[in-house]
Amino acid sequence: MIKNLVWLALVASLIFFGCKKPGSSIGLDNLPDSDFFTLGTETLDIDIVTVRENALDSKQRSTALLGKVFHPRIGETQALFASQLRLSSPNQVFGDNPVADSIQLRLRHTGVGYGEFSQHKIEVRQLADSIVLDSIYYTSYEPEALHGSLVAPSHPPVSIQPVKETIVNSDTSAAYLTIDLDTGFGQSLLDLDPEIYSSNDNWLEYFPGIVVSSTSGHGATRFNISSSASIMRLYYHNDEDTTYYDFEISEYSLRLNLFYNNYVSALDGLNAFEEDSAYVEGDKLLYVMGGGGLNLRMNIPGLEALEDSIGPDISIQKAELVLKVDEEVNEGIQVYSDRFNPKSAELYLGLKNDMFITPTNVFAEYNSSENTYNFILTGVIQDMLNYYSGMGPSGTFDPSEDLPDLYIIPTNPAESLEGVVLKGTGVDENSTKLVVTYSH
């Protein structure tokens, strides 16, 4: 039996080795040189500067920011908004002898906030001029408002800290910031000529809208200003009834998110709006901030040089932009708290043609383990090389137009107040860099 097993094993091994295909280099000498390719990796020089956003469209955002945030390494950003208030129903009749009981501005919380919170003194004023649909309004726009606040004189400072909706027995209770307005203002609305309430056009001609701001306090909160979630509610009674009427901030209301920035002394040059002069070199530190704030403008001078040295047949296998977060410490203690000044959850690649920066679908999430944002720019870099060489489709870029400027921008810069400080390109080998792996 054992002899039979040994014999079977020997036969099987002979069959296995006999069937194995021998290695061969036959034909390699006949292949053209173009069938061979070489892999290479380069860390390319990049020029990045911090620039202030001076052409961010503020109009028709779904959420509004209200408050003030101070980032100790970047500076202070004040957030306010302006909006039309539309009639919840036209041809409103307030009845015989209507008397205003109270009037409130109710802003619906989204549950999102920024910074460290203290009590706020809220100001609500009437816009002096209408917001026009066909006009461009930047986030730095300063709307003209009538003198005097519409807020009730007795209204105390309030907390604007984010409050989330509560759900009890499948019923949802929305969370609002409620601001008491002057009852005399409410009465003036009841005393208007009924013709003003015949249509939204007539109403908006009389009352163009409101601008809402905070005159004291810290911390900023996002509010829902679409789908009639936020309202101005007028409570009143007449000879027959006690009821209320709503003026809505709806999806049809023209509305503006506005920001005023005051940066720290290290960024004092960015307190101007002239784009060509308002920038900070990026060899040491780079700054990204929402709230109509700070972006990174990027140039890659090493890319054309790479194409010139390798040739037009270069193929990008991977291009990774690594942005290293800078953690400023003082005697071993972090200077600021992430709890109050959270890092941007994501950063986006943007392209600027003419006036506006358009975000692309290329983004990088914050990597907490590496303390970096890692952009995969493989397709973008290949398209840029094709653009330079004129060979092959240039994808994102129109070959008949100038190559757009590349930007790194925060998520929703007109609706968020997140910021981050990054290491500059000249700090050390672990700082911001672009690593390209290619074949040819």
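The model is predicted, so local features need pLDDT of at least 70 and side-chain atom pairs count only at pLDDT 80 or more, while totals for chains, interfaces and linings use all residues. Residues are numbered from 1 along each chain as its sequence is written, and side-chain values use heavy atoms, with hydrogens and water left out.

Strands (E, at least two residues) are DSSP runs, numbered from the N terminus. Two strands pair if DSSP finds at least two bridges between them. Strand β19 covers residues 315–324, and strand β27 covers residues 433–439. The two pair in the antiparallel sense over seven bridges. V322 has K433 in β27 as its bridge partner. β19 is also joined to strand β24 (residues 372–376) by five bridges, again antiparallel. Here E320 has I376 in β24 as its bridge partner.

Strand β11 (residues 210–216) also has two partners among the strands described here. Three bridges join β11 to strand β4 (residues 75–83), and the two run antiparallel. S83 is bridged to I210 in β11. Strand β7 (residues 121–126) is joined to β11 by six bridges, also antiparallel. V124 is bridged to V212 in β11. Burial is judged by relative accessible area: buried means under 20%, exposed over 50%, and partly exposed in between (1.4 Å probe, protein chains only). Five of the seven residues of β11 are buried, so this strand is largely enclosed by the rest of the structure.

F81 lies in strand β4. Its relative accessibility is 0%, so F81 counts as buried. Contact means heavy atoms within 4.5 Å. Residues up to four places away in sequence are not counted for F81. On that basis F81 touches A64, L65, L107, I210, V211, V212, I225, L256 and N257. F81 and A64 are 17 residues apart along the chain, yet their C-alpha atoms are separated by 6.3 Å.

A nonpolar core is a set of buried Ala, Val, Leu, Ile, Met, Phe, Trp, Tyr and Cys residues joined through side-chain atoms within 4.5 Å. The largest such core has 38 residues. L105, V124, L181, L189, W203, M232 and F247 have the most contacts inside this core. Strand β6 (residues 99–114) gives the most to this core, with four residues. L181 is in contact with I103, Q104, L105, V124, L150, V151, A152 and M232, leaving aside its neighbours within four places in sequence. Another core lies apart from the largest one. This other core has 36 residues, among them L303, I314, L349 and Y438.

Most residues other than glycine have a negative phi. Q60 is not a glycine, but has a positive phi of about 60°. Q60 lies in the loop between β2 (47–52) and β3 (63–71). With 30% relative accessibility, Q60 counts as partly exposed. S227 also has a positive phi, near 60°, and is a residue other than glycine. S227 sits in the loop between β12 (219–224) and β13 (230–237). S227 is exposed, with a relative accessible area of 53%.

A cavity is a set of points where a 1.4 Å probe fits but cannot get out. A pocket is an open set with protein on both sides within 12 Å along at least five of seven lines. Lining residues have an atom within 4 Å of a point. Grid points are joined across faces, edges and corners, and a volume is the space filled by probe spheres set on the points.

The largest pocket holds about 260 Å³ of space. Its lining has 15 residues, of which L56, I357, P359, I409 and P413 lie nearest the centre. β23 (356–367) and β25 (405–410) each supply at least two lining residues. β23 gives the most, with three. There are two cavities of 30 Å³ or more. The largest cavity has about 40 Å³ of space. Among the residues lining the largest cavity are V69, H71, Y114, M289 and F340.

Note on methods. 1 Å grid on protein atoms, 1.4 Å probe; cavity = no way out; pocket = protein on both sides within 12 Å on 5 of 7 lines; lining within 4 Å.
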